[in-house]
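Take a look at the sequence and the model below. The text after them walks through the fold, piece by piece.

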Amino acid sequence: MTIKVSFYQSGNVASKANFNENNQLHSENDEPARIDYCDNGEHTLYNEYWYSEGKMTRNGAPAMRAYNSRGKLIEEVFYQNNMIHNENGPAVVDHDPHAVQYWLNDERLTKENWQNEIDPIKFAKIKEELKRLSKLIEGDYCPGTYVESMLNDIMKDIISILPELTTAKESKS
């Protein structure tokens with residue numbers, strides 16, 4: 001990893017960025033790949049960005065966070081492979097005033113349209129988990145082994161997806 005630091009004319013740090021061996025912005029250990037600071041003499045955080053091999057992306061968390069000049073979090077944006085995208089909720093969250101936007105694959109959707117797009121994705125994930133489950137059961141399942149632990153993990157994954165779908169269906173009725 002190479003760290004590059006840029007400075008304002010005042011001498012204050014403007015940004016810090018981490019680059020991989022291919023000179024691409026890259027996050028490690030879920031730390032931001034790039035951090036921008038305000039030129040207010042107080043080293044106040046302004047923006048944070050997460051990248052993977054040059055693409056703005058972060059799994060399960062926002063890949064961009066914006067702060068005001070006092071360091072208060074004002075906006076979070078979820079990205080996957082350089083596209084605004086979140087399958088688990090709003091992709092853009094404005095904190096002041098509070099507002100949300102739903103996006104999939106760089107396309108802004110209403111909450112209802114987002115939910116209609118997400119349901120098949122969630123069902124596909126459940127189907128994949130059930131396939132994994134049946135393969136384990138057909139194999140050398142023996143209580144108390146690592147297979148039992150894997151089965152429990154798969155069932156937890158399935159159970160965590162089901163309430164989202166049930167809640168969404170109930171809210172449509």
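Predicted model: local features only at pLDDT ≥ 70, side-chain atom pairs only at ≥ 80, totals over all residues.

Residues are numbered from 1 along each chain as its sequence is written, and side-chain values use heavy atoms, leaving out hydrogens and water.

Start with the whole. The protein has two helices and 13 strands. Both kinds of element are DSSP runs numbered from the N terminus: helices are H or I with at least four residues, strands are E with at least two. Of the 173 residues, 38% are buried. Here buried means under 20% relative accessible area, exposed means over 50%, and partly exposed lies in between (1.4 Å probe, protein chains only). The accessible surface comes to about 10,900 Å², and carbon and sulfur atoms hold 49% of that. Such areas come from the Shrake-Rupley method with a 1.4 Å probe; for residues, only the protein chains shown count as cover.

S1 (residues 2-7) pairs with S2 (residues 13-19) in the antiparallel sense, over six bridges. Strands count as paired if DSSP finds at least two bridges between them. Phe7 has Val13 in S2 as its bridge partner. Five residues separate the two strands of this hairpin, and Gly11 in the turn has a positive phi of about 100°.

Stay with S1, where Val5 lies. Val5 counts as partly exposed because its relative accessibility is 39%. Together, Ile3, Val5 and Phe7 make a nonpolar surface patch of about 310 Å². In a regular strand, side chains alternate between the two faces of the sheet.

S7 (residues 64-67) and S8 (residues 73-77) run antiparallel and are joined by four bridges. Met64 is bridged to Val77 in S8. This hairpin also has five residues between its strands, and Gly71 takes a positive phi near 90°. S8 has another partner. Three bridges join S8 to S11 (residues 92-95), again antiparallel. There, Glu75 has Asp94 in S11 as its bridge partner.

Finish in helix H1 (residues 111-138), which holds Asp119. Asp119 is buried, because its relative accessible area is 4%. Its side chain makes a polar contact of 2.7 Å with the side chain of Gln115.

Definitions and conventions:
Polar contact = N/O pair within 3.5 Å; in protein donor to acceptor, adjacent residues only side chain to side chain. Patch = residues over 30% accessible without salt bridge, like charges linked within 9 Å, V, L, I, M, F, W, Y side chains within 5 Å. Salt bridge = Lys/Arg side-chain N within 4 Å of Asp/Glu carboxyl O.
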